[in-house]
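I opened the model and kept notes as I went. Entries follow in the order I looked things up.

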Amino acid sequence: MAHSPENTPRPLTAEPSRALTGHLRVPGDKSISHRSLIFGTLAVGETVITGLLEGDDVLATAEAMRRLGATVTREVDSHGKPVWHVWGVGVGGLKAPEEALDFGNAGTGARLVMGLVAGHPITATFIGDASLSKRPMGRVTTPLALMGATFQAREGTRLPLTLTGAPRTLPITYELPVASAQVKSAVLLAGLNAPGITTVIEPVPTRDHTERMLKAFGATVEIVPHGNKGGLEIRLTGEPELTPCPIIVPGDPSSAAFPVVAALITPGSEIIVEGITLNPHRAGLYTTLIEMGGDIEVMNQREEGGEPVADLRVRSSALKGVIVPPERAPSMIDEYPVLAIAAAFATGDTVMNGIHEMRVKESDRIAATAAGLRHNGVKVHETDDGMTVEGRAGHVDGGGTVTTHMDHRIAMAFLVMGLGAQKPVTVDDAAMIATSFPDFLPLMRRLGATFAGSGQ
Ligand code: S3P
């Protein structure tokens with residue numbers, strides 16, 4: 001079970017490692033997993049999902065879909081692989097849940113399902129853990145209020161929050177004030193049950209899994225360029241009948257980031273990560289690591305389930321610092337903590353700007369990353385919307401204990417650091433890793449990593 005305030009934190013230490021070697025498959029993509037359950041719920045009939053991420057975040061969305069009227073089951077096929085089935089209720093067919101919808105640590109689940117519920121004339125209460133209850137929801141409630149939903153919250157627009165959808169949802173045209181696929185998806189999900197066209201304008205493009213899935217389920221979505229920064233205008237025709245479509249969830253590039261950086265910074269390593277999506281809106285970290293001199297070979301590029309997929313061969317490398325273009329941020333926003341670890345091992349400075357959004361993730365990830373680096377002998381200069389890491393040319397001291405602030409990616413990033421550092425690195429609580437990458441420790445151990453402590 002994931003850590004909650006009542007649970008005792010489970011510290012874990014990563015020991016300096018021998019070379020990491022072998023093949024691995026990381027779990028299914030978290031963004032696509034949430035969406036597959038949500039779209040399955042909105043389709044009429046049975047959606048079959050393979051490769052679903054069975055992390056706490058996604059399991060919370062599965063439970064929410066059940067409470068909203070879908071039948072969601074898990075079976076194991078003849079090869080021992082889990083297969084999920086969702087019998088949907090159709091657009092407009094959700095029922096009011098009898099109990100609160102508990103999203104645990106998951107911002108994506110909470111925000112997307114707010115959009116889903118806002119498009120229905122029902123009331124639902126959204127709750128989450130201490131981290132989720134601190135995160136801003138106004139970015140979603142503002143457009144959803146324009147579409148007719150009403151909200152009650154104890155503290156501004158934070159969880160716990162009760163949402164009532166409008167009797168007749170209004171289609172709107174909404175320009176995103178922050179580059180957020182979650183906000184885009186919430187508006188589009190509400191727009192599914194609005195008559196006419198709902199338009200979302202994104203000045204800079206963000207991950208497009210919602211648009212891909214809308215099309216795969218038979219909705220009419222028109223996407224046209226907007227402005228001169230690569231922006232897009234997404235026009236969705238409301239009130240479609242969505243038809244189930246089998247979903248194969250590809251491996252998560254945000255989870256693969258941890259073994260990939262671990263292999264780059266641990267001398268003598270060579271690993272192959274199989275079957276991750278390299279959707280261009282998700283692949284920014286890999287572009288950046290290759291620019292830093294990372295030996296990453298992209299192999300077997302193919303398309304699976306409507307997403308570009310590839311295998312990666314990664315060998316340990318002497319990295320050099322780079323300036324990461326700020327416009328790349330949306331395609332790697334969750335990967336900056338582990339990029340900062342790669343940067344600590346590089347020669348020269350790595351400059352990361354335009355990443356203010358990192359401050360409102362599962363923790364303030366700029367502050368948490370900078371503090372963790374300093375505790376392990378790495379100098380970092382922090383600004384409001386970025387950080388610059390002074391690389392240690394392969395020799396990171398380690399020896400520190402890092403506060404993870406209930407953030408899975410901070411925990412995994414610093415455990416990776418410990419594998420390549422001179423001395424072990426401890427994280428104060430490894431329990432939240434189960435939200436996105438439940439098999440992180442056994443998979444890393446199979447590559448040769450050593451961990452010690454109660455958080456195993
Ligand atoms: C996600 C979008 C991103 C990302 C999150 C998952 C999604 O958030 O950080 O982990 O699945 O839509 P924002 O869209 O708020 O940037």
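Which helices each supply at least two residues of the lining of the largest pocket? I found helix H1 (30-42), H3 and helix H5 (181-191).

**Ground rules.** I am working on a predicted model, where local features need pLDDT of at least 70, side-chain atom pairs count only at pLDDT 80 or more, and totals for chains, interfaces and linings use all residues. Residues are numbered from 1 along each chain as its sequence is written, and side-chain values use heavy atoms, with hydrogens and water left out. Helices (H or I, at least four residues) and strands (E, at least two) are DSSP runs, numbered from the N terminus.

**Pocket.** I looked up the volume of the largest pocket: about 840 Å³. I counted a pocket as an open set of points on a 1 Å grid over the protein atoms alone, with protein on both sides within 12 Å along at least five of seven lines; lining residues have an atom within 4 Å of a point. The lining holds 43 residues, and Ala179, Ser180, Thr206, Pro330 and Ile333 are the closest to the centre. H1 gives the most to this lining, with four residues.

**Cavity.** A cavity is a set of points where a 1.4 Å probe fits but cannot get out. My search of the whole structure found one of 30 Å³ or more. The largest cavity holds about 30 Å³ of space. Volumes here are the space filled by probe spheres set on the grid points, which are joined across faces, edges and corners. Leu42, Val91, Leu116, Gly119, His120, Leu189, Leu192 and Asn193 line the largest cavity.

**Arg139.** I found this residue in helix H4 (residues 138-146). Is Arg139 buried or exposed? Arg139 counts as buried because its relative accessibility is 18%; the cut-offs are under 20% relative accessible area for buried, over 50% for exposed and partly exposed in between (1.4 Å probe, protein chains only). Its side chain makes a polar contact with the side chain of Glu357 at 2.8 Å. That term means a pair of N or O atoms within 3.5 Å; within protein, one must be able to donate a hydrogen and the other to accept it, and residues adjacent in sequence count only if both atoms are side-chain atoms. Not counting residues up to four places away in sequence, Arg139 touches Arg111, Val178, Ser180, Val183, Glu357 and Val360 (contact: heavy atoms within 4.5 Å).

**Aromatic pairs.** I found five in the whole structure. Rings of Phe, Tyr and Trp (its six-membered ring) pair if their centres lie within 6.5 Å; planes under 30 degrees apart count as stacked, over 60 as edge-to-face and the rest as tilted. Phe103 and Phe126 are stacked, 5.7 Å centre to centre with 15 degrees between the planes. Both Phe103 and Phe126 are buried. Phe440 and Phe451 form a tilted pair, at 6.2 Å and 45 degrees. Phe440 lies in helix H12 and Phe451 in strand S24, 11 residues apart. Phe440 is buried at 1% relative accessibility, and Phe451 is buried at 6%. Ring pairs link Phe258, Phe437, Phe440 and Phe451 into a cluster.

**Helix H12.** I listed the buried residues of H12 (residues 440-447): Phe440, Leu441, Leu443, Met444 and Leu447. They line one face of the helix, because they fall within an arc of 165 degrees seen down the axis (the arc is that of the directions from the helix axis to the C-beta atoms). Their packing partners include helix H7 (253-265), helix H11 (408-420) and strand S24 (451-452). Gly448 follows H12, with a positive phi near 120 degrees.
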